[in-house]
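Subject: Structure handover

Hello,

Please find the structure below, for your files. My notes on it follow.

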Amino acid sequence: TVVISTFNPNETDNGDVSQEASIDVMFNTPGGSATFIISAANDILINAGTGIRDLNQSGSLNVVLEANSSDDASDPALGNVNINANINTNGGSFISTGVNFVSTTATITATGGVSITHDGTVDVGAINTGAGFGGTAFISGANINGAVTIGEGNVSIDGDNLDLVVRANITATDTVFLLADQDVIVHATVVVGSSNPTADLFITADADSSGVGGFKLDEADIA
């Protein structure tokens, strides 16, 4: 395991992490596994032209991004993850926590599963866990701006206390949950369980039962 951390209670700097070069992991033994963690007191920025990947596609690279990860954060309302380059974990998982999350210009590939649980606004680009196989996806507080392809494992996409807006296609082998405390708005095609007759699609607006929220299907298909 490799950990990059900006936690230091004795310093007053913001504690940001900015990636300026590609991180390429090579496994000496096929089938090996490793975990790469960025733990920032404040923001994490993956710059365009960089990226994180299993270079020889022979192992499982787990990638964990933790923004606003410690009590010494300069402002507990800050701590965003901004991804502008592709991440490919091969057989590993991708996990991200923090306040806001943006990956609209990037593709996240993780056949081990994807978990994005942020307290603020989540705008995701393309996510792929592999067609017909792979792990689950849990995305909280989300707007979907890139195609989401999920293999085996349920998909939960939660707009949290805001609207959930799906602007790009979702394709999943198993059950999909779309929920938000306010509106669920679908502008794209959602395909669930094309090879799995037991798969279901659950859409829940007004999840907090406040009386505010509804479902809108805008020139899109659900299958």
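Strand β10 (residues 94-98) runs parallel to strand β13 (residues 114-124), and five bridges join the two. Strands here are DSSP E runs of at least two residues, helices are H or I runs of at least four, and both are numbered from the N terminus. Two strands count as paired if DSSP finds at least two bridges between them. Within this pair, Ser96 stands opposite Ile116 of β13. Strand β11 (residues 101-102) also pairs with β13 in the parallel sense, over two bridges; here Phe101 is opposite Val122.

On provenance: this is a predicted model, in which local features need pLDDT of at least 70 and side-chain atom pairs count only at pLDDT 80 or more, while totals for chains, interfaces and linings use all residues. Residues are numbered from 1 along each chain as its sequence is written, and side-chain values use heavy atoms, with hydrogens and water left out.

There is also an open sheet of eight strands with parallel pairing, in the order β3-β6-β9-β12-β14-β16-β19-β22. Its edges are β3 (23-25) and β22 (190-192); each has a single partner strand, so one side of each is left without a neighbour in the sheet. The partner of β22 is β19 (residues 170-172), and three bridges connect them in the parallel sense. Ile170 stands opposite Val190 in that pair.

One residue I looked at separately is Asn143, which is found in strand β15 (residues 137-144). Is Asn143 buried or exposed? Asn143 has a relative accessible area of 13%, so it counts as buried (buried is under 20%, exposed over 50%, partly exposed in between, with a 1.4 Å probe and protein chains only). A polar atom of the Asn143 side chain lies 3.3 Å from the backbone nitrogen of Val165. Leaving aside residues up to four places away in sequence, Asn143 touches Thr121, Val122, Asp123, Val124, Asp163, Leu164, Val165 and Arg167, where a contact means heavy atoms within 4.5 Å.

Overall figures for the protein:

- Secondary structure: zero helices and 24 strands.
- Burial: 45% of the 223 residues count as buried.
- Contacts: of those between residues at least 6 apart in sequence, 40% join residues at least 24 apart.
- Accessible surface (Shrake-Rupley method, 1.4 Å probe): about 9900 Å², of which 47% belongs to carbon and sulfur atoms.

Regards

Methods
Polar contact = N/O pair within 3.5 Å; in protein donor to acceptor, adjacent residues only side chain to side chain.
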